[in-house]
Each structure stands twice: as structure tokens, then as C-alpha cells.
Amino acid sequence: QVQLVESGGGLVQPGGSLTLSCAASGIIFSRNIMGWYRQPPGKLRDLVASITSGGNTNYADSVKGRFTISIDNARNTVYLQMNSLKPEDTAVYYCKSWIGNYWGQGTQVTVSS
């Protein structure tokens, strides 16, 4: 049974930082692509960042230089380090496995003073 479990969301002030984690079970990271998406209130879900098992990364223009995606193949965990957070980063953040098109349940990130 495949499970993607996100954690690390919460409320943070503008300029602050958060690290999201996605613990995966039942899937193989090798030859896979893992990613983070986000869905702001009333908007569509968009790609934030992705990473291959070999460590190649891709970022949305809006987060380049502020967010870093990384992967721990030994722990089957994907991370999203988010720095210099802005109110427009407020969204539910989802983890996704390209193989099998599996999604996590999402974790809320709210950036507000």
C-alpha cells in the first residue's frame, strides 16, 4: 500500500522559514521523480519543485532562490526547505510521486503576521 505523509506545515511570519517533509512508503525512489505542489485558496494546484532520484531539480520561478527540494533515498523522504516566506506562499502543500501518480493528503502553510 502506497502512502505519502506530509508534515512540517504551520503558521509562520513573513520572512520566516519552514521545512516540509514527505515520508513515502510502498514506492521506490529509484528512477522516480518526486515533487511538491501547492494549492492556494480558490486557485489551481501548481508545481512548486521536483527532484529526480539522481538529484536533478526543477523549481517554479516564484520560488527560485528561496525554496530547496532534497531527497533522502535511504529514508524514502523528500524535503522542501522554504526560506524568505511571503504571504503569497500560503497554500496547502502536497507531495507527489510521478510513478503511480500518488499524492499525499497535504499540509497547510500559512504565512501571515
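Q: Which residue in E3 is the bridge partner of Val5?
A: In this predicted model, Val5 has Ala23 in E3 as its bridge partner. Gln3 likewise has an opposite number in E3, namely Ser25.

Q: And how many bridges hold E1 and E3, and in which sense do they pair, parallel or antiparallel?
A: E1 and strand E3, which covers residues 18-25, are paired over five bridges in the antiparallel sense.

Q: What about E3 and E8, how many bridges there?
A: Six bridges join E3 to strand E8 (residues 77-82), and these two strands run antiparallel.

Q: What do strands of a sheet pair through, in general?
A: They pair through backbone hydrogen bonds, and the arrangement can be either parallel or antiparallel.

Q: Changing topic, how many aromatic pairs are there?
A: The count comes to three aromatic pairs. Take Tyr37 and Trp98: their ring centres are 6.1 Å apart and their planes stand at 40°, so this pair is tilted, given that planes under 30 degrees apart would count as stacked and those over 60 as edge-to-face.

Q: Where do Tyr37 and Trp98 sit in the chain?
A: The pair links distant parts of the chain, with Tyr37 in strand E4 (residues 33-39) and Trp98 in the loop between strand E9 (91-97) and strand E10 (102-103), 61 residues apart. Tyr37 is buried, because its relative accessible area is 14% and the cut-off for buried is under 20%. Trp98 has 33% relative accessibility and counts as partly exposed.

Q: And what sort of pair do Tyr94 and Trp103 form?
A: Tyr94 and Trp103 form an edge-to-face pair, at 6.4 Å centre to centre and with 85° between the planes. Tyr94 counts as buried at 13% relative accessibility, whereas Trp103 is partly exposed at 31%. Ring pairs link Tyr94 and Trp103 with Tyr37 and Trp98 into a cluster.

Q: Which charged end sits over the ring of Trp103?
A: That is Arg45, whose charged end sits over the Trp103 ring at 4.7 Å from its centre. For Trp98, the residue lying over the face is Lys96, at 4.7 Å from the ring centre.

Q: One more: is Asn32 buried or exposed?
A: Asn32, which lies in the loop between E3 and E4, counts as buried with a relative accessibility of 3%.

Q: What does the side chain of Asn32 make a polar contact with?
A: Its partner is the side chain of Ser97, at 3.0 Å, and the side chain of Asn32 also reaches the backbone nitrogen of Ile99 at 3.1 Å.

Q: Which residues does Asn32 touch, not counting those up to four places away in sequence?
A: Asn32 touches Ile27, Ile51, Thr52, Ser53, Ser97, Trp98 and Ile99. Trp98 in that list is the residue whose ring pairs with Tyr37.

Technical notes
Residues numbered from 1 in each chain as written. Predicted model: local features only at pLDDT ≥ 70, side-chain atom pairs only at ≥ 80, totals over all residues. Heavy atoms only, no water. Phe/Tyr/Trp six-rings, centres within 6.5 Å; stacked < 30°, edge-to-face > 60°. Helix = DSSP H or I, 4+ residues; strand = E, 2+ residues; numbered from the N terminus. Buried < 20%, exposed > 50% of the residue type's maximum accessible area, 1.4 Å probe, protein only. Lys NZ or Arg CZ within 6 Å of the ring centre and 35° of its normal. Pairing = 2+ DSSP bridges. Polar contact = N/O pair within 3.5 Å; in protein donor to acceptor, adjacent residues only side chain to side chain. Contact = heavy atoms within 4.5 Å.
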